[in-house]
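This report describes selected features of one protein structure. It covers a barrel, a hairpin, a helix and a cavity in turn.

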Amino acid sequence: MAEQKILKKDMLLGDRTLSLETGRVAKQAGGSVLVRYGDTVVLVTATMSKTPREGIDFFPLTVDYEERHYAVGKIPGGFIKREGRPSEKATLSARLIDRPIRPLFNKKIRNEVQVVATVLSVDQDNAPEIAAMIGASAALHISDIPFQGPIGGVIVGRVDGKFVVNPTIEQHEKSEMHLVVAGKSDAVMMVEAGADEVPEDIMLDGIIYGHEVCKQIVQFIEEFREEALAMGLAKEKMEIEEPEIDSNLEQKVNALAEERYVQAIKKCAQERMEKKKREAFLEEVTENLINELTEGLSEEELEQKMPQIKELLQEMEKKVMRRMILEEGVRIDGRAIDEVRPISVEVNVLPRTHGTGLFTRGQTQILSVATLGRISEEQILDGLEAEDTKRYMHHYNFPPFSTGEVRMMRSPGRREIGHGALAERALVPVLPSEEDFPYTIRVVSEALESNGSTSMGSVCGSTLALMDAGVQIKRPVSGVAMGLIKEEDKFIVLTDIQGIEDALGDMDFKVAGTEKGVTALQMDIKIPGITKEVFKQALDQAHKGRMYILEKMLEVLPEPRKEISKYAPSIISLQVNPEKIRDIIGPGGKIIKRIVDETGADIDIEDDGRVFISAVNRQAGKKALEYIEMLTKEVEPGQILTGKVVRITDFGAFVEVVPGIMGMPGKEGLVHISQLAYNRVDKVEDVVKEGDIITVKVLGYDDMGRLKLSKKDAMEPPEGYEERRRPKPRNNYRKPRGRGKKFQ
């Protein structure tokens, strides 16, 4: 057996060692890299099928991010006890890797390419998704797959005004931003961020800072490939045969179609056609062109040339639309370059929900619905991340009728999960804390109509829904999607892109935030990277667009409602001594069950003594609160209390100052006979009897922890009363004679 060749190469990334290794594991894959970053270990493979996939007109790339619970020493939850459907984090991580590498493949490739990142070990201070992204770039680069990379990827945080590379858990908790940047040596490929209202100029600086680190990673991967090639551990790139285009047919199509599409797009812009009417009109133009181009062809010639004709016409339509925007500033719907589509805003749309917002921008329409629940209803996460619960959930649905289509209704796909996560990221920074607003919050955004940027429509609609529900958010959030048309050094940034501009343009750059700063952004591109100049203009233009949209929203609902919906549970929170928790629960849970049964309220108790009482019926919640306060009432020295005499003895009276409830004994203390009155009392019964209700003052506790009370001190002294002072005891101690002498 030949000697095994292994290549391992290290670099310093964020003060920690990043290691790439190939040649030891998964050697039958097209490219295989074992990435180690701290104690995080990810195996990433890249493989391409030998033959093209028939009958498709797109590049079939698949990125899978496989979490293994053993990576964090956990056994999966649930009944099956093995990994099943990918977690939300796994789905988002797969999208994070897919987006920067997809534009770096030849769009004519029809061979299936699969990138699989398997998370084997996780050190929470070193993000596995970043290790996986770098590993995917390296695995593709050393494989035979045609890939115009490599790329680097990094997380940028900002702690105490300074940027931090791949922040640790401790740094992440202090960071005001979580910015993921991926890019080649000459341009940024992908940006995704969540931030605590960070100004646009700081966000731009963070992107540039992250890109500088990406350049170092790219150089590291280039050196890794060179060494792997020298050792025979990397492969030469496969040549992809592109289908030949009939040059005569291309010239004929261009000559016939170009002016037709110019006139058609001008007509669409002048009449400001709506989506469906425009689509039907352009389809008619295309059909007429096809008929003219195929006139007189035999069935055999028609079958041979039809795919090329359709492809050439599609390319011509795209070319004309892009040129008219870039050279003439003409958008297909007649808007100016920085113009936002007409906006309509409604709230309180549904009668029994806790909060609703209906946001319409052009032909994109979102219905967002907010629901408030108990703290115990927060989501339990069964993944590899450090967090184990989530208090705010944002879910996004994209039914087929939103685009006038018919298709199977299935569970949420990667796009739905990604859009929901983006809207969630945008709103989390403005939510009130759990201490100020002890609710679990779920918002669902339904895309009722779609013609561009339903994700940013979801941010706007959800802000309205939260405000309508009475959630006291810090500031309202709005969002807008920016587009890009770029040819060589010339470019134009488009505000509020619609579907066709997204499909035929070069960028989809979504920005969400408050008037104070950015809370979330996400960039997808179709070209090999964009520059700082493009970023700056896009952020500046997005700010103007966001402020315009926000103004329209606040005209309808200027601030959150003062009260939550009457259909939402009223939640009362209180803090009790953790040692009193057992008094609330009772033996075998008997007491808390009786309170719940009697009042109808729900009660959640945390280990630190926080108690949350929730009930739609406000009176039921108050009754449950009274019970819990009685069960946990602390009796402190100096308090004046009213109690019932429950027992008489020769030396005093026992008074119950906290009554027993739910089968639990109350709190009683002794009023000593000397504390019953200001005058001398010979017999306790002369002052109080069993069953009397009296007022007492708490004196404190004796050495055995028994409560001491005084009836006398709770009353005003009688007129002329003077408290007799005891004389000081006489000191009979005498010093010994012979002071200073030593005793023998």
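## Barrel

Five strands, in the order S25-S26-S27-S29-S28, form a closed barrel with mixed pairing. Direction ignored, neighbouring strands of this sheet are turned by 50° against each other on average, the axes being lines fitted to C-alpha atoms and angles running from 0 to 180 degrees between N-to-C directions. Strands (E, at least two residues) and helices (H or I, at least four residues) are DSSP runs, numbered from the N terminus, and two strands pair if DSSP finds at least two bridges between them.

Ile-648 has Ala-653 in S26 as its bridge partner.

## Basis of the model

The model is predicted: local features need pLDDT of at least 70 and side-chain atom pairs count only at pLDDT 80 or more, whereas totals for chains, interfaces and linings use all residues. Residues are numbered from 1 along each chain as its sequence is written, and side-chain values use heavy atoms, with hydrogens and water left out.

## Hairpin S18-S19

Strand S18 (residues 478-487) and S19 run antiparallel and are joined by six bridges. The two strands form a hairpin with two residues between them; in the turn, Glu-488 has a positive phi of about 55°. Glu-487 is bridged to Lys-490 in S19.

Strand S19 (residues 490-495) is largely enclosed by the rest of the structure, because five of its six residues are buried. Buried means under 20% relative accessible area, exposed over 50%, and partly exposed in between (1.4 Å probe, protein chains only).

## Helix H13

In helix H13 (residues 590-599), the residues Ile-591, Ile-592, Ile-595 and Thr-599 are buried. Seen down the helix axis, the buried residues of H13 fall within an arc of 95°, so they line one face; the arc is that of the directions from the helix axis to the C-beta atoms. Lys-593 and Asp-597 are exposed on the other side of H13.

## Cavity

A search of the whole structure finds one cavity of 30 Å³ or more. The largest cavity holds about 50 Å³ of space. A cavity is a set of points, on a 1 Å grid over the protein atoms alone, where a 1.4 Å probe fits but cannot get out, and lining residues have an atom within 4 Å of a point.

Helix H1 (88-101) gives the most to the lining of the largest cavity, with four residues. Among the lining residues are Leu-92, Arg-95, Glu-192, Arg-425 and Gln-522.

Conventions: 1 Å grid on protein atoms, 1.4 Å probe; cavity = no way out; pocket = protein on both sides within 12 Å on 5 of 7 lines; lining within 4 Å. Points joined across faces, edges and corners; volume = space filled by probe spheres on them.
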